[in-house]
Amino acid sequence: MNPLILTIILMTVFLGTMIVMASSHWLMIWIGFEMNLLAIIPILMKKYSPRAMEASTKYFLTQATASMLLMMAIIINLMHSGQWTITKVFNPTASIIMTLALAMKLGLTPFHFWVPEVTQGISLTSGLILLTWQKLAPMSILYQISPSINLNILLTMAVLSILVGGWGGLNQTQLRKIMAYSSIAHMGWMTAILVYNPTLTMLNMLIYIMMTLTMFMLFIHSSSTTTLSLSHTWNKAPLITTLILITLLSMGGLPPLSGFMPKWMIIQELTKNSSIILPTLMAIMALLNLYFYTRLTYSTSLTMFPSTNNMKMKWQFETKQITLLPPLIIASSLLLPLTPMLSILD
Amino acid sequence: MLKIIIPTIMLMPLTWLSKKNMIWINTTTYSLLISLISLSLLNQPNNNSLNFSLMFFSDPLSAPLLVLTTWLLPLMLMASQHHLSKEPLIRKKLYITMLAMLQTFLIMTFTATELISFYILFEATLVPTLIIITRWGNQTERLNAGLYFLFYTLVGSLPLLVALISIQSLTGSLHFLLIQYWNQALPDSWSNIFLWLACMMAFMVKMPLYGLHLWLPKAHVEAPIAGSMVLAAILLKLGGYGMLRITMMLNPQTNFMAYPFLMLSLWGMIMTSSICLRQTDLKSLIAYSSVSHMALVIVAVLIQTPWSYMGATALMIAHGLTSSMLFCLANSNYERTHSRTMILARGLQTLLPLMAAWWLLASLTNLALPPSINLIGELFVVMSSFSWSNITIILMGANITITALYSLYMLITTQRGKYTHHINSIKPSFTRENALMALHMTPLLLLSLNPKIILGFTY
């Protein structure tokens, strides 16, 4: 794509999200979402193929529906409160519709069906933007309306998301679909704690973005989109296999890596609010996620997967540059000892 | 405690910066020096704990386990030299780094004061062990073994995390120094029964309890020698140590909640000992014997009498040294014949007489011959369980007999009889191997002179 056009489009995506996060007028938030959606369609279509068209169409339709639902909730809120300022939404109907609309944008169950299919149809870089940047805007709105969200609906969606994210990923060999199901499960964790302590939602979002960025960067570096092609990494760049191991175990939530921190904090907040069965259930279901990450490490890092002799020649081609990999690796694996710093967020 | 932790962490830069011909020498020497430092912790003047800081402490229960942990690292490094000799340098360094990382986490686990910190480090020991088993094991079954190991332990321990956090939100702190003074009886309710279960299941899986022991034969057999040594000697004891610490808070539910686990342990020790008589795989035999000995520890911890606590602690240390030595002996066979089948390497006494002496000593301590500390541990456990209920003497007596049977079976099959013609070209014992066995056996024999060090905090 022409670099100037790409810059303009990326700027529009960025501007859209910024407008959503910084506005206090509901209409501007809706405009921000629409700007974001329209600008990201060309990004999703970067490699022009029927599959990418299908993915972009699915993304557009679901996000547009969600935006319309959001608009309806805004209008109902306007009717009942008489003002456009973004505050907690007092009317329960508007609150429920808004929660459902934002869940559709995030990809929470039962609105998760678009996430694997869209992520699979687009290139790795577009998938990266889809799974990390696009989650910021809806999450910021959820954060702002969090005092008024109906707890039952949100917790049901969260727990179902963790279940679906765990079980759905079990049968996948395509890396983008694995990352999509991982995203669904992590969104579930994030929204579960939203009503009790929204700061932890933001913490989980931060750590999740770090880990997902790292994973995608490592996939882009080895140009691999299936488990099989990822298993050839030990031929090309053995260090990358170690990094993949660490990041995957961190995404699974194993101590002492930093992926454990959000899970621990979320379990702590939920337990302090006297729900015991829920965090136990969520923690056990997160083990399903850990299973398919471990399976991925088995084929990539912990065994020298069988490969033909052609694979050993790949190192001769010019290596792709991975942006910012060292800080990302540190952020996605070594941040657990910094947990006491969370007290500054109060 | 930093005087032990920081040198252990620094073992990792030591391996990466050492020259190719110095990696084993450097790491073994320095880990031996670290174990010398940790010996000073055995000086426990009274039953109370020695508090080094707000985060680390040592008391008569954790000090012997800590000394065992630091003693085993040089032994693990010595045992691994042969099977890693053909690997590229970076992979050797990675292996040693994994061992040093595991050692750091283990030291911090045994000396942690805050229970959540104990939990995080307990879980943290899983990652290096998984990598050691899965990356450096020898057969394809190691993948399955790693999965079983990881998931059995995690499913047991995630409810423990929730339980610890809920206890913390109720009592305000999980620091050992505070809990021992705040201790009050848990009120009787269904949710406290589930709290008891949540707290104990993690350690039951780790010990392992008879019904949850499936991961252990897989993991022990598929792991390389250092992995087997650390698994058998120390990681199992993490379960025992955790149980000894956490049962302090769980009265009076333990009085009735312990029954199913006592039954499983009492029956399980007989079952796993009997299975040992039918094993063809040498490492598998030693793995099942570990399950059997640990079942005795579970019985001792759940009975909660002063004598049984003494027996549990002594048995943990004794079994750690014995089991690790047996795995080293099995590994010396494996390195020569590349097979773990017992009958393929029989009649070794004729070919390797000094190693036969070590086999004899290891088997004798495994069957708890007086005056070894194995006997002290088992005897205390048998006596205290007899006082708890007279009938257990039948099961305990049967267990001691069957233990003797399979230990002698293992000894006689591998050492006595006529050797086979296909092993008369094996290499003689290396000095390294003899040193390894001597370093296992010497503490074991010396401790029988002064067992009060390992008798724990109820002495």
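Chain A has 16 helices and zero strands, where helices (H or I, at least four residues) and strands (E, at least two) are DSSP runs numbered from the N terminus. The radius of gyration of chain A is 20 Å, close to the 20 Å that the globule rule gives for 346 residues, so chain A is as compact as a globular protein of that length. That radius is taken over C-alpha atoms, and the globule rule is 2.2 Å times the number of residues to the power 0.38.

This is a predicted model, in which local features need pLDDT of at least 70 and side-chain atom pairs count only at pLDDT 80 or more, while totals for chains, interfaces and linings use all residues. Residues are numbered from 1 along each chain as its sequence is written, chains are lettered from A and ligands numbered from 1 in the order in which they are written, and side-chain values use heavy atoms, with hydrogens and water left out.

### Chain A overall

| Property of chain A | Value |
|---|---|
| Span of the C-alpha trace along its principal axes | about 70 × 50 × 35 Å |
| Buried share of the 346 residues | 58% |
| Accessible surface | about 13800 Å² |

Buried means under 20% relative accessible area, exposed over 50%, and partly exposed in between (1.4 Å probe, protein chains only). Accessible areas come from the Shrake-Rupley method with a 1.4 Å probe; for residues, only the protein chains shown count as cover. Carbon and sulfur atoms account for 72% of the accessible surface of chain A.

Among contacts (heavy atoms within 4.5 Å) in chain A between residues at least 6 apart in sequence, 78% join residues at least 24 apart.

### Helix 7 of chain A

Helix 7 of chain A, residues 136–144, is mostly covered, with seven of its nine residues buried. These buried residues are A:Leu136, A:Ala137, A:Pro138, A:Met139, A:Ser140, A:Ile141 and A:Leu142. Their cover includes helix 1 (3–22), helix 2 (26–44), helix 4 (92–106), helix 6 (124–132), helix 9 (175–192) and helix 10 (198–221) of chain A.

### B:Val291

In chain B, B:Val291 is found in helix 13 (residues 282–303). B:Val291 counts as buried because its relative accessibility is 1%. Leaving aside neighbours within four places in sequence, B:Val291 is in contact with B:Pro208, B:His213, B:Leu216 and B:Thr272. B:Ala232 is 59 residues from B:Val291 in sequence, and their C-alpha atoms are 9.4 Å apart in space.
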